[in-house]
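This report goes through the strand pairing, helix packing and backbone geometry of one protein model. The sequence and structure come first, and the description follows.

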Amino acid sequence: MSTFQAPKGTYDLTPPRSATFLAVREAIAAPLRDSGYGYIETPGFENVELFARGVGESTDIVTKEMYTLTTKGGSQLALRPEGTASVLRAALEANLHKAGNLPVKLWYSGSYYRYERPQAGRYRHFSQVGAEAIGTEDPVLDAELIILADQAYRSLGLRRFRILLNSLGDKECRPVYREALQTFLRDLDLDEETRRRIEINPLRVLDDKRADVRKQLTDAPKLRDYLCDACKAYHEEVRALLTTAGVAFEDDEKLVRGLDYYTRTTFEFVHDGLGAQSAVGGGDGDDGLSEMIGGPELPSVGWALGVDRTVLALEAEGIELDLPSTTSVYAVPLGEEARRVLFGVVTELRRAGVAADFAFGGRGLKGAMKSANRSGARYTLVAGERDLAEGVVQLKDMESGEQGPVALAEVAAELTKRLG
Ligand code: ATP
Ligand code: MG
């Protein structure tokens, strides 16, 4: 071990577990790519003001969890705590919304940073894959996003997750509800911080996990009773589309996820095998974000799925992904001349698109064959002086155990053919 360790709240991805992470990212991205979402990548840090406005001054993310820094040039930056604000910023900056092709559908994948209290499933550095659809207000879009996330989780074999669904209303009905809720909350017996929250972000109070608070919230006004007709119809349409698609969901009127300008559809994917950190992903509609960061009025909807917690969910369900071994051919040279010749074959195979590896360091046959086994390669190539003198290499099928000489000049073509 070295003097250094990974910083508190972080961990390293190393083989073989790292392969599962890559596969999970890929499984989440695949349905998006196949549905017209284009890949977007933004910097790992942004002007701190983007998140203050775009995530919201009153959120935990901004007040407590953000890593901020002052550069040598005096700029105030923050490591990105989430993806939506950056993606919208980048889309507006590139004028993607003006290209006459709405909605702008984007997907992203990357590292995010939050200064949180580290615990199982909650880290200071974590990975998300996310999607945003910008510029069109259409319940089909909300349904599409939820269906694609469901499809991603199912493709990984996950079963014990649930989809929680709610509507947060819009510019018309949301403020009326907000005021009714504030009036109700102001009469309760609450601590100072929660009282402050009532004034800034009252819906967040509904999210309070403490029993004494929850008890007082039983008779709180329900958002459902305040939804305007347009929002009701929109929400019913999303629900109907999900039902038609065979995607099960639970109506959860307590689900309020975060920001004050989240609008209409809000949803969360929870997994029942994860204990307290049960949310594996979530998403929302968003009518105000674009304007908050200085853009035009543009609706958007999106989600972010946590890669780390999705891997934990796989482990909780005992799912081992069927990851094909990355190496198909493993070459074991015996002697100097064989090293040069077999390395040439390996290079040729690689150029032909066959995954091949090599026993480096002039190791003995036994140790090298152990590595060949561990590599998961279907075929090994072994060659010594006598083989080379005869112009052949020994080709072994590791599955059947079959073994025999193949002409050196033909071995690459033979393997390419056998591996199809
Ligand atoms: P939580 O309620 O658990 O704090 P959140 O509402 O802050 O979650 P989002 O901002 O919606 O989470 O992020 C989407 C997903 O990213 C979460 O569902 C989760 O899977 C993952 N995620 C969020 N914060 C962390 C973290 N600190 N460590 C690992 N994964 C995280
Ligand atoms: Mg959080």
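## A residue in strand 6

Q128 is found in strand 6. The model is a predicted one. Q128 has a relative accessibility of 8% and so counts as buried, the cut-off being under 20%. Beyond its neighbours within four places in sequence, Q128 is in contact with E82, G83, Y108, S109, G110, Y112, R114, A304, L305, G306 and V307. One of these contacts, G110, is also the bridge partner of Q128.

Strand 6 covers residues 125–134 and is mostly covered, with nine of its 10 residues buried.

Which strands pair with strand 6? Strand 5 (residues 104–113) is joined to strand 6 by 10 bridges, and the two run antiparallel. Within this pair, L106 stands opposite E132. Strand 11 (residues 300–306) is joined to strand 6 by seven bridges, again in an antiparallel arrangement. Here G130 of the pairing stands opposite A304 in strand 11. In general, strands of a sheet pair through backbone hydrogen bonds, and the pairing may be parallel or antiparallel.

These strands belong to an open sheet of eight strands, ordered 1-5-6-11-10-9-7-8, with mixed pairing. Strand 1 (38–39) and strand 8 (250–251) are the edge strands, and each pairs on one side only. Helix 5 (residues 139–155) packs on this sheet and touches strand 5, strand 6, strand 7 (161–167), strand 9 (262–271), strand 10 (279–286) and strand 11. The direction of helix 5 makes about 15° with that of strand 11.

V382 stands opposite Q394 in strand 15.

## Helix 13 against helix 16

Two packed helices are described by the angle between their axes and by the distance between those axes. How do these values come out for helix 13 and helix 16, and at what angle do they pack? Helix 13 (residues 336–351) and helix 16 (residues 411–418) pack at about 40°, and their axes are 10 Å apart. The two helices are therefore oblique to each other. Their crossing is right-handed.

On the helix 13 side, the contact involves V345, E348 and L349; on the helix 16 side, V411, A412, L415 and T416. Sorted by type, the residues of this contact are five nonpolar, one polar and one charged.

R418 also lies in helix 16. R418 is partly exposed, with a relative accessible area of 39%. Not counting residues up to four places away in sequence, R418 touches Y379 and L395. R418 and Y123 are separated by 295 residues in sequence and by 45 Å in space, C-alpha to C-alpha.

## Backbone exceptions

Where are the cis peptide bonds listed here? One joins P15 and P16, with omega about 5°. P16 is placed in the segment before helix 1 (17–33). The peptide bond from L102 to P103 is also cis, and its omega is near 0°. P103 is found in the loop between helix 4 (84–93) and strand 5.

N95 lies in that loop between helix 4 and strand 5 as well. N95 is not a glycine, yet its phi is positive, at about 55°. With a relative accessible area of 35%, N95 is partly exposed. R264, also not a glycine, has a positive phi of about 50°. R264 is found in strand 9, and at 7% relative accessibility R264 counts as buried.

Definitions and conventions. Residues numbered from 1 in each chain as written. Chains lettered and ligands numbered in written order. Predicted model: local features only at pLDDT ≥ 70, side-chain atom pairs only at ≥ 80, totals over all residues. Heavy atoms only, no water. Axes fitted to C-alpha atoms, helices over the stretch in contact; angles between N-to-C directions. Helix = DSSP H or I, 4+ residues; strand = E, 2+ residues; numbered from the N terminus. Parallel < 35°, antiparallel > 145°, perpendicular 65-115°, else oblique. Left-handed = near helix turned anticlockwise from the far one by under 90°. Contact = heavy atoms within 4.5 Å. Nonpolar A, V, L, I, M, F, W, Y, C, P; charged D, E, K, R; others polar. Buried < 20%, exposed > 50% of the residue type's maximum accessible area, 1.4 Å probe, protein only. Pairing = 2+ DSSP bridges.
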